[in-house]
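Subject: Structure handover

Hello,

Please find the structure below, followed by some notes on what was found in it.

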Amino acid sequence: MLSLIVFLPIIAGLVILAVPSSQKQIIRIVSLLAALAQGVLAVLIWRGYDPALPGITAGPGGSPLGSFQFVEKVPWISLNLGGFGSLNIEYFLGVDGISVTMVILTALVSAIGVLSSWTIQKQVKGYFILYNLLASAMMGCFVALDFFLFYVFWEIMLLPMYFLIGIWGGPNREYAAIKFFLYTLFGSVFMLLVMIGLYFSVTDPATGLHTFSLVAMATQTNFNIPGAIFAPENHLWRQIAFIVLFVGFAIKVPMFPFHTWLPDAHVEAPTPISVILAGVLLKLGTYGMIRINFPLFPEVFQASMFVIGIFGAINIIYGAFCALAQKDLKKMVAYSSISHMGYVLLGLSAGNSEGMVGALYQMFNHGTITAMLFLLVGVIYDRAHTRQIDKFGGLASYMPVYAAVVTVAWFASLGLPGLSGFISEALVFVGAFSSEITRPIAMVSVLGIVFGAAYLLWSLQRMFLGKRKDDAAYDLVVGKDGHEHIHFHDWNGKLDLDGRELAMLVPLVVITIFLGIYPMPVLGMLTSSINKLVQVLALPL
Amino acid sequence: MFELPSGAEIQGIIASIQGSVGFFIPEIYLSALFMLLIIVDLVAKGRKNNLLAITTLLGLAGSTIFIYQQHALPAGEFFFGMYVLDEFALFFKYFFVLSAIVAVVVTMADEQFDREVKSMGEYYALIVAMVIGMIMMASSADLLMIFLSMELVSFTGYILAGYFKRNPRSSEAALKYLVYGAVSSGLMVYGFSLIYGITAQTNIIKIGLELAAHGSDSLVMILATLLVLAGFGYKIGAVPFHFWSPDVYEGSPTPITAYLSVASKAAGFALLMRFFYVSIPHGGLPPEDKLGMDWLSLLMILSVASMIYGNVVALWQKNVKRLLAYSSIAHAGYLLLGILVMDQFGTQATLFYLLSYFLMNFGAFYVVILISNKTGSENLDDYRGLGKKMPLAGAALTVFLISLVGLPPTVGFIGKLMIFSALLTKGSLYIWIALVGIMTSVISLYYYMLIPLNMYLRESKQSDEQSMNLGMAPQIILAVLMILTLYFGLFFTPLSDFAKYSSAIFGITLQ
């Protein structure tokens, strides 16, 4: 099941390879079918998932079964190394509470991304091949339980992303693409060294051999090689490894001060890639922290909760301030992403169940809400060919449906009660306040909500309320019926949202509202895993 | 004074030579092929066809049978300790023959030869001669033999580098290659003479025993090692013996550039590993050494310098061949990392890296040739918009470059993984060097990606959108190389097992 959901897009990509490049519609439909099939599989996984099993570490008897679900484990590579026995790499997939929510999110956002890619006209074939490769790699990252496999998927993501930004992006795309590539590679190459070091420090209790299995690594008693680089008594190297991994993942999140690639990448990327980037890719950073960074080095995590919290708070407030200063709508949304990922960091730093559940729920909600925000930015950019906030005004009266969806998305983003963002942010703050360590940070971070409301409401007001400005990106025309309409210069489509755009946005709006009223479908899947994780992290050493 | 050997001694010598010849069959076969090619060239003079190339290909392919038969022979010394046969040597025999085959295939694709030269006769014969020389380099166990085989490789290399004799750049390349080669050979021989002076031996195994038994003066020893390294460092193209390589790589015919950068470099590594592992296996010096320097420290400096210099200077290159030249300096640095580890895993990692380097570097140069056939240029600027015009070549080149950076799922990633694993198994001792390797590979991403950047992200200056057809055969070869690069990146067990099997060097036991 998991193999299928991971490799479906790649299969679609191979099919597309055989389609002549003039058949654009067939290429799009093949991709859409793959994405929908992925969605069906995600629903099946969701329905078949047993929330009682915790995951995180191995179940009884050291076996992943009974703890992880949908496990697929076959030996992949077995290398004979001189003097060091053998190198064993497994093709090891499985989900627990923290990954199953991300799997569902990835399937959802990938499908919406395909719909959003319908407007791509340039080199459609190459675009969808790369898009499908990216979709596969993202999904693979979330279900891989072998560090080596995770790393392979993690790195495979970079190249398609580079080309997707670099070929189909905006005017400054070369700079943005290589900046993204260099930043993320810089983070991940150090991860490679840590990965090798971990391999030589850990044995799998079931076989007694060295292993890349993240499940085995999450149990501290498996670090049983005396003198190994990450053995429990090797405090210095364990701290270094924690920092290196943390920086690697933090670049992806992106955490201040490693965030500067994100606004560039977002501004240049085409809409669907922004959606994928904000909706899924950023989550990989925090997911990596939860899956790898924290449980493997819990004592270092305990020692660094305060620092992580500080960085979270900086992200929240700094991101909000930056967003407040932006004139470009997409850049504002990009900075709001940085701000909202700060809540995830803050929730994680609390180290208790409430904070961690809030963080994961925030990851899910941020995925759906920012996907929506970027889609909405794309909608207006398609029509007006500009994203400057001050080029708009009074849109609400001319594009009422668009304005309504924008309002829902904007309010969800600022955390209005009744919408999903509120619950996750509230949980994060509950967690952060109830932890002695992060309480002062939480007090400061609450300000972020105020600033968040400020930039969102202000942009809403400037763009949608009031009247058309003189230098606006559209003209006013009086229609035959005597009413005033607006007209975008090179836009011949429907003025308000058309069917395809509604098909992308409505599911997200429904999810946002539903999860704001009744969050249990997601929270229910999370709780047992998170409780287990908190237990693992709090392990006395 | 000199005494004539007695009859019985002469009988013994002859019997020993006769016994040794049985271990020398692939070399004899290749020498015969060399002569055959000259005769074929004479007979078929003036005919415009691929007869010579095909004869070379078949002949080289045939030699693998003889090499394969040598697996049955026991590892050992012969020809009075001049020459050895072991799994390590066999690995390189295959390696050189295969790279010669690829070099011939690449040459057949290169249209520049049609324009520049009338006769290809000596060309293929010289490639075969170079294979013989490199095989002998990898199998030499005696200082004299090392010198002779290295000169054989160098001389053929000089001629091949200047094969476009009416092209000033090619002649310049040959001359530079010659001048640097002569100087470094001279230095190396001086180093050999110092070693002979200390030990009174020329056989490297006996040198090792002698040094282990009696020790040596550390100052003389470090000087000798440094001088010998000048010779080997020239062959592998490591900093600071690299000055020839950018000019030679840029000026030589591209197939020769690829051949030199893969095979000749590998031969240098074979020699370096065998010489240092066997003759100075204990790291070189007794602990009371005042200088605190041994050949391992020297190699460490070389390695770090090569990685940093090669990767940083490559950032400013505008010519793709020159860019790949600097990248090959950097890769010499990565390969040296594996040697530093001084154990079986390290050797295995180095050999594996050589195999991966073989695939990706030949692949990259092959695409460069195909592109240069169509555009007549190797400048980065002229690569603009080529991704659309030749989709397969563009995709393949991207895969090879990603592999050179060392990203999964390519064989280059596994090569780096094994090298770094070998370093880290030594504990935290070598972690700082591994860090340099990691950092520089991030830098390398930038300049390698300049090529796909130009191919895909930028539009060509001319607006003609017609696609360039590369022809059937080159496309198939490219596809095979690309798929192998990816396949061995995911399922690398066979390559790795072969590298492990080949890490057995006669005369020492690595841990």
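Helices here are DSSP runs of H or I with at least four residues, and strands are runs of E with at least two; both are numbered from the N terminus. Counted in this way, chain B has 21 helices and 2 strands. Please keep in mind that this is a predicted model.

Overall form of chain B

Along the principal axes, the C-alpha atoms of chain B fill a box of roughly 80 × 60 × 40 Å. The radius of gyration of chain B is 23 Å, which agrees with the value near 24 Å for a compact globule because that is what 511 residues would give. Of the 511 residues in chain B, 56% are buried. Among contacts between residues at least 6 apart in sequence, 80% join residues at least 24 apart in chain B.

The nonpolar core

The largest nonpolar core holds 403 residues, and A:Val103, A:Leu134, B:Val128, B:Val131 and B:Val367 have the most contacts inside it. H15(B) gives the most to this core, with 19 residues. Beyond its neighbours within four places in sequence, B:Val128 is in contact with residues including B:Leu30, B:Leu33 and B:Phe34.

Where the chains meet

In all, 32 residues of chain B are in contact with 32 residues of chain A. On the side of chain B that touches chain A, two or more residues come from each of helices H15 (344-375), H18 (411-425), H19 (431-457) and H21 (493-501) of chain B. H19(B) gives the most to that side, with 10 residues. By class, that side of chain B has 18 nonpolar, 11 polar and 3 charged residues.

Regards

Conventions. Residues are numbered from 1 along each chain as its sequence is written. Chains are lettered from A and ligands numbered from 1 in the order in which they are written. This is a predicted model: local features need pLDDT of at least 70, side-chain atom pairs count only at pLDDT 80 or more; totals for chains, interfaces and linings use all residues. Two residues are in contact if their C-beta atoms, placed from the backbone, lie within 7 Å. Ala, Val, Leu, Ile, Met, Phe, Trp, Tyr, Cys and Pro count as nonpolar, Asp, Glu, Lys and Arg as charged, and the others, Gly among them, as polar. The radius of gyration is taken over C-alpha atoms; the globule rule is 2.2 Å times the number of residues to the power 0.38. A residue is buried if 20 or more other C-beta atoms lie within 10 Å of its own, exposed if 12 or fewer, and partly exposed in between; C-beta atoms are placed from the backbone. A nonpolar core is a set of buried Ala, Val, Leu, Ile, Met, Phe, Trp, Tyr and Cys residues joined through C-beta atoms within 7 Å.
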